[in-house]
Amino acid sequence: MYTLIGTPKARPFRVLWMMEELGLEYDILPHSPADKAAMTEFNPTGKVPALKDGDDIIIDSVAIMQYLADKHGGMTFQAGTIERAKQDSFTQFICDEIDGALWTNARNTFVNPKEQRVAAIGDVLKWEFARSITALETRLGDNDFFIGDTCTVPDMLFTHCAGWAKNAGFVIESKPLLALVKRCLARDGYQRAHAIRSAG
């Protein structure tokens, strides 16, 4: 039994989705991103999510997703294979260029104290985001998912970021990438996780 720490209405949704894809048993301690004091028990930064596995705590949504995928042998290629190297490359690119732009925008829109925000950075971030989307489309090619016809961690990560982007006003016009997102949203695991998030 795992414990997901953090509300599925934020980044913990990524972990929830992974657990549903893998058919795992878990419970949820739904701390919100604002519950920083409570979250410091699990993560020194106070950020969500965290995952409790026995007496161990794992932090960072992407690290948790990959840990669960590796441990349970699903939604990933095996470490040490060329496919896994390519998978990890997509994961890192999405973390750095897609998630990073969205998170920097969030910090300068509503997360940081007003006196620590740089509102003008938004235009630069949208320009960088659009450039990264173009590069990601090129890397995707004719594949259904980033690594051929297999849905893995970076596909899930990008799909979650795509929803975040839409809400933040970051436009994705790439038809191939939007088609990838549509395939991910249609997955049974996503639908179950979405129902849990909506009910919470």
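**Exercise 1.** Among contacts in the protein between residues at least 6 apart in sequence, what percentage join residues at least 24 apart?

*Solution.* The model is a predicted one: local features need pLDDT of at least 70, side-chain atom pairs count only at pLDDT 80 or more, and totals for chains, interfaces and linings use all residues. Residues are numbered from 1 along each chain as its sequence is written, and side-chain values use heavy atoms, with hydrogens and water left out. A contact means heavy atoms within 4.5 Å. Of the contacts between residues at least 6 apart in sequence, 65% join residues at least 24 apart.

**Exercise 2.** Determine the order of the strands in the sheet and the helices that lie on the sheet.

*Solution.* Step one is to list the elements. Helices (H or I, at least four residues) and strands (E, at least two) are DSSP runs, numbered from the N terminus. The protein has 8 helices and 4 strands.

Step two is to order the strands. Two strands pair if DSSP finds at least two bridges between them. The open sheet has mixed pairing and the order S2-S1-S3-S4.

Step three is to examine one pair. Strands S1 (residues 2-5) and S3 (residues 50-53) run antiparallel and are joined by 4 bridges; Thr3 has Lys52 in S3 as its bridge partner.

Angles run from 0 to 180 degrees between N-to-C directions, with axes as lines fitted to C-alpha atoms, for helices over the stretch in contact. Helix H1 (residues 12-22) lies across S1, S2 and S3, at about 155° to S1. Helix H3 (residues 61-72) touches S1, S3 and S4, and its direction makes about 35° with that of S3.

**Exercise 3.** Describe the salt bridge between Arg11 and Asp99, and state whether each residue is buried or partly exposed.

*Solution.* A salt bridge is a side-chain nitrogen of Lys or Arg within 4 Å of a carboxyl oxygen of Asp or Glu. For Arg11 and Asp99, the closest N and O atoms are 2.7 Å apart. Arg11 sits in the loop between S1 and H1, and Asp99 in helix H4 (residues 82-111), 88 residues apart.

Next comes accessibility: buried means under 20% relative accessible area, exposed over 50%, and partly exposed in between (1.4 Å probe, protein chains only). Arg11, at 22%, is partly exposed, whereas Asp99, at 7%, is buried. Finally, a network of salt bridges links Arg11, Arg14 and Asp99.
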